[in-house]
Amino acid sequence: MDSPARRVVVIVLDSVGCGDAPDAAAFGDEGANTLGHIASAVGGLRLPNLGKLGLGNTAAIDGVPPTRDTLGAYGRLTEVSAGKDTTTGHWELCGLILERPFPVYPDGFPPALMREFEAAIGRETLGNYPASGTEIIKDLGEEHLRTGKPIVYTSADSVFQVAAHEEVIPVEELYRICLSARELLRGEHAVGRVIARPFVGRPGAFRRTERRRDYSLVPPGETILDALKAAGREVVGIGKIEDIFAGQGLTESDHTGNNMAGVDAILRCLTTAGDGLIFANLVDFDALYGHRNDVRGYADALEAFDRRLPEIFDRMDEGDVLVITADHGADPTTPGTDHTRERVPILVAGRPIRPGVDLGARASFADLAATVGDLLGVPWGGAVDSRPTTLF
């Protein structure tokens, strides 16, 4: 199959939802709208480059008006998988839809499971309840320093998180502890992710570091990443993509720690990578701002990313296509600090893409997988709806 594009760059703006999910009420998220509510709260967003791509055509966003002269295609993706977490969202973007949600633990993990975990790592633990990561290290960090016991906690998402001070439990040991948890958490306790949460500082001034590491389940089926790799294309993961897919379907990884490092890695790959997919997750929107209800910080991060978009376009060649999307919402204006069930924008641009194409509200995140396969000449049948072949 002939391919219209030589490379596709997919950038997932982690948690940048645009509201309007048809089943939001079933998740307790009726009315959530990450982009719309942030823009209203700060008096308008300054996103001229995303605006040229059609972001203002996907939702009502103060400061980002709709335009007829978009550089490429724009639309919204609708999640159909039974979940609103990072792993579920990314897997569906790559064509794998989950019919059953990952398990969650609103009362903490079962005592028998925790005893087995403590025996495996040779340490007792602290915590074992749902909490904000910054709050639990504030509450238990001093006891952790005194006892050396790692802090275990969860959230409304399907996660088993382990926090440890880098001077008490070195980061590499924390990673081994999390790998032990990943081995245990299977079957009925197969959580979506085990997350290592290293932190530093002294009581009253603890702060988490960028050496976080996520350990996801291995995807239970083939994704577009596997299909591209099997077809001999390069598949480069940037940020936590390697973690989310447990390394499956990738030919190379660059485990960057923040948004700007992720953009830097994308720019490097646009110089060095061969034909195929460059797949990046920019985590700060979710980890630093969405989960902390930091509206101003979230707005600033969006504007900082927008300012760097021209660098990406300058580095792209005639056969490159850029796709910008998200994996779920995390509306920081809501009372809670968890993800929100929302549609997400999809913006597609590059010389192979016709300008001004309205993709509408797609029936599944998985349409992205079909689109990437279509662009790179590797047919993919994982989309629920037909692929948007009007792109080129």
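A residue is called buried under 20% relative accessible area and exposed over 50%, with partly exposed in between (1.4 Å probe, protein chains only). By this criterion helix α13 (residues 367-376) is mostly covered, since 10 of its 10 residues are buried. Helices (H or I, at least four residues) and strands (E, at least two) are DSSP runs, numbered from the N terminus.

The model is predicted: local features need pLDDT of at least 70 and side-chain atom pairs count only at pLDDT 80 or more, while totals for chains, interfaces and linings use all residues. Residues are numbered from 1 along each chain as its sequence is written, and side-chain values use heavy atoms, with hydrogens and water left out.

**Helix α13 and its end**

The buried residues of α13 include Asp-367, Thr-371 and Asp-374, together with Leu-368, Val-372, Leu-375 and Leu-376. Just after α13, Gly-377 adopts a positive phi of about 75°.

Strand β11 (276-282) is largely enclosed by the rest of the structure, because 7 of its 7 residues are buried. Two strands are taken to pair if DSSP finds at least two bridges between them. Strand β1 (residues 7-13) runs parallel to β11 and is joined to it by 7 bridges; Leu-13 stands opposite Leu-282 of β11. Strand β9 (residues 234-238) also pairs with β11 in the parallel sense, over 5 bridges, and here Val-236 stands opposite Ile-278. In a regular strand the side chains alternate between the two faces of the sheet.

The loop between α10 (259-272) and β11 holds Gly-274. Contact means heavy atoms within 4.5 Å. Leaving aside neighbours within four places in sequence, Gly-274 is in contact with Arg-6, Arg-7 and Glu-234.

Helix axes are lines fitted to C-alpha atoms over the stretch in contact, and angles run from 0 to 180 degrees between N-to-C directions. Angles under 35 degrees count as roughly parallel, over 145 as roughly antiparallel, 65 to 115 as roughly perpendicular and the rest as oblique.

Helices α10 and α12 pack at an angle of about 10°, their axes being 10 Å apart, so α10 is roughly parallel to α12. The residues in this contact include Asn-259, Met-260, Val-263 and Leu-267 of α10 and Ala-301, Ala-304, Phe-305 and Ile-312 of α12. By class, the contact has 8 nonpolar, 2 polar and 5 charged residues; Ala, Val, Leu, Ile, Met, Phe, Trp, Tyr, Cys and Pro count as nonpolar, Asp, Glu, Lys and Arg as charged, and the others, Gly among them, as polar. Asn-259, in helix α10, is buried with a relative accessible area of 4%. Not counting residues up to four places away in sequence, Asn-259 touches Leu-282, Val-283, Asp-284, Phe-285 and Ala-301.

The axes of α1 (residues 34-41) and α12 (residues 295-315) come within 10 Å and cross at roughly 105°; these two helices are therefore roughly perpendicular to each other. On the α1 side, Thr-34, Leu-35, Ile-38 and Ala-41 meet Val-295, Tyr-298, Ala-299 and Leu-302 of α12. This contact has 7 nonpolar, 1 polar and no charged residues.

**Salt bridges**

A salt bridge is a side-chain nitrogen of Lys or Arg within 4 Å of a carboxyl oxygen of Asp or Glu. The structure holds 25 salt bridges, among them the following.

| Pair | N to O distance |
|---|---|
| Arg-6 and Asp-317 | 2.9 Å |
| Lys-138 and Glu-135 | 3.2 Å |
| Arg-202 and Glu-167 | 3.6 Å |

Arg-6 is partly exposed at 30% relative accessible area, and Asp-317 is partly exposed at 32%. Arg-6 and Asp-317 also belong to a network of salt bridges with Arg-7, Asp-275 and Asp-320.

Lys-138 and Glu-135 both lie in helix α6 (residues 133-147), 3 residues apart, about one turn of the helix. Lys-138 is exposed at 54% relative accessibility, whereas Glu-135 is partly exposed at 36%.

Arg-202 is partly exposed, with a relative accessible area of 43%, and Glu-167 is exposed, with 63%.
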